[in-house]
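Subject: Structure for your review

Hello,

Here is the structure I said I would pass on. My notes on helix packing and on the ligand follow it.

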Amino acid sequence: MSFDNTYARLPEIFYQRIEPTPVERPGLIRLNTALAGTLGLDLPDDKSKLANIFSGNELLEGMEPLAQAYAGHQFGHFVPQLGDGRAVLLGEVVAPDNRRFDIQLKGSGKTRFSRGGDGRSPLGPVLREYIVSEAMHAFGIPTSRALAMVTTGETVHREEDHPGGVITRVASSHIRIGTFEFFAARHLENEVRILADYVIDRHYPEVRTDANPYAALYEHICLAHARLVAKWMGVGFIHGVMNTDNTALSGETIDYGPCAFMDHYAPDRVFSSIDVQGRYAYNNQPTIAQWNMACLGGCLLPLLSEDEAEARSIGESVLQTFTPAFKNEYQNVMCSKIGLAACDAHFQQVKALLNLMHEHHVDFTVAFRQLCDVPRSADASERFTALFESRDAITAWLKDWRTQIDATTSQEDASKLMRRSNPTFIPRNHRIEAAIRAAEDHNDFSLAHRLIDILKNPFEDQPEHAEYMEPPQPEERVRQTFCGT
Ligand code: AMP
Ligand code: MG
């Protein structure tokens, strides 16, 4: 690997230089060779050498490990000091296509920011993050990625004992809203500006020439998140902990803690065991993302204008771009799921379908996937209708939908668009849970490998894996997810 570390050149207050704490007996579970190729990494073949590298036991030349400082609003409450408490940034690599990436270990030991935590991760959350982040990438949704995962040979104590794991995460960066909040809360205006300039150079260089580059930066981040959340909603993804410290300024999804995909469609769905108020429910995600953007705006105020009133007015007008941008992308995402171009009439048709899916407890992913074949086959039409508890309303919906297709596109094109927009496979909670149980309880990674392999091509039919399409049986249903920290 050849490293080119820029974050480590920032002032010392941005991080703590700290090496990963070695683990007892590292074992490689999986290396993402495709991603290693994209990054242009030249890695050894030897598995034990790989396990040493991706556990943090062995540092490579050019790595300058550090733990990043950040703050954050957790469930609406401000915590002035969080930071990488169980992660270290090993360094940055520049891929052959010139994109820059952070290489980070998670589960790699204590840092100054660990606050009472052990700096470690159970294997379960490592597997979940690997499976889900790689699936999100395959869906075409901006996300951090998983380069490798290892077992540590150590036990991690939570409510019960678990085998430990370390994941190697790759992201455009790990700078969060909470990174700005760390400095803003300490009234370190100079550091806020240094960070803003760094974020512009690294992620949004095009705003440099804008009349007000910091306002343009803020707007770019707002728009990136408006689009991101719309894309999440299109696959039924519920992030679960949309705290400002888990909101990356690059516009990528980060921090796969208690995240989950919904099975049957229910707009108020919550999985996270700690989200008792439903703050981060499926349909609350756009509101929360905008709330998070307001936190970011508060940090950037001194940069927007020297005049406080003017700065506020600039900040507020940027914040108002969020909702229309979200609605626009959400309409695009959802209308393409029924094979149609985005417009108000088609969006009304989507909403009518979602209402029926909700009322009839229909699986979100199965319904949209089966709809893909309805234009082409009477059998498919029958199968789709049978998903609903009664036929009349959905039959009427299908009739209206066919009329819209005939008026604006062709059955063939609608079908093609739907097949690109509706995955066959999602990382279903019960499949993730089964993979975690096999790994943690029986040291058996075959289910995890199978799930990861299927999810590399989520839009293909893969009839040999048909059971992975299915929603859970009642006894398999996962009702809650835990972040496992
Ligand atoms: P998260 O829930 O991953 O967003 O983490 C919130 C904060 O808690 C971050 O500052 C983490 O670094 C810290 N944290 C979570 N789990 C641990 C742990 N096991 N040891 C130390 N710090 C942790
Ligand atoms: Mg986090």
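A crossing of two helices is called right-handed if the near helix is turned clockwise from the far one by less than a right angle, and left-handed if it is turned anticlockwise. Please keep in mind that this is a predicted model.

Helices α6 and α9

By that definition, α6 and α9 make a right-handed crossing. Helix α6 covers residues 213-234 and helix α9 residues 322-337; their axes lie 8 Å apart, at an angle of about 30 degrees. Angles under 35 degrees count as roughly parallel, and the two helices are therefore roughly parallel to each other. On the α6 side, the contact includes Cys222, Leu223, His225, Ala226 and Arg227, along with Val229, Ala230, Lys231, Met233 and Gly234. These meet Phe322, Ala325, Phe326, Glu329, Tyr330, Val333, Met334 and Lys337 of α9. Sorted by class, the contact of α6 with α9 has 12 nonpolar, two polar and four charged residues.

Helices α5 and α6

Helix α6 also packs with helix α5 (residues 189-203): the axes come within 11 Å and cross at roughly 65 degrees. This crossing is left-handed. Arg193, Ala196, Asp197, Val199 and Ile200 of α5 are in contact with Pro213, Tyr214 and Leu217 of α6. Six of the residues in the contact of α5 with α6 are nonpolar, two are charged and none is polar.

Helices α15 and α16

Helix α15 (residues 429-442) and helix α16 (residues 446-454) have axes that come within 7 Å and cross at roughly 145 degrees. From α15, the contact takes in Arg431, Ile432, Ala434, Ala435 and Ala438; from α16, Leu447, Ala448 and Leu451. Seven residues of the contact of α15 with α16 are nonpolar, one is charged and none is polar.

Ligand 1

There are 18 residues around ligand 1, and those that come nearest are Gly83, Gly85, Arg86, Asp118 and Gly119. For Gly83, a backbone N or O atom lies 2.6 Å from an oxygen atom of the ligand.

Regards

Notes. Residues numbered from 1 in each chain as written. Chains lettered and ligands numbered in written order. Predicted model: local features only at pLDDT ≥ 70, side-chain atom pairs only at ≥ 80, totals over all residues. Heavy atoms only, no water. Axes fitted to C-alpha atoms, helices over the stretch in contact; angles between N-to-C directions. Helix = DSSP H or I, 4+ residues; strand = E, 2+ residues; numbered from the N terminus. Parallel < 35°, antiparallel > 145°, perpendicular 65-115°, else oblique. Contact = heavy atoms within 4.5 Å. Nonpolar A, V, L, I, M, F, W, Y, C, P; charged D, E, K, R; others polar. Near = heavy atom within 4 Å. Polar contact = N/O pair within 3.5 Å; in protein donor to acceptor, adjacent residues only side chain to side chain.
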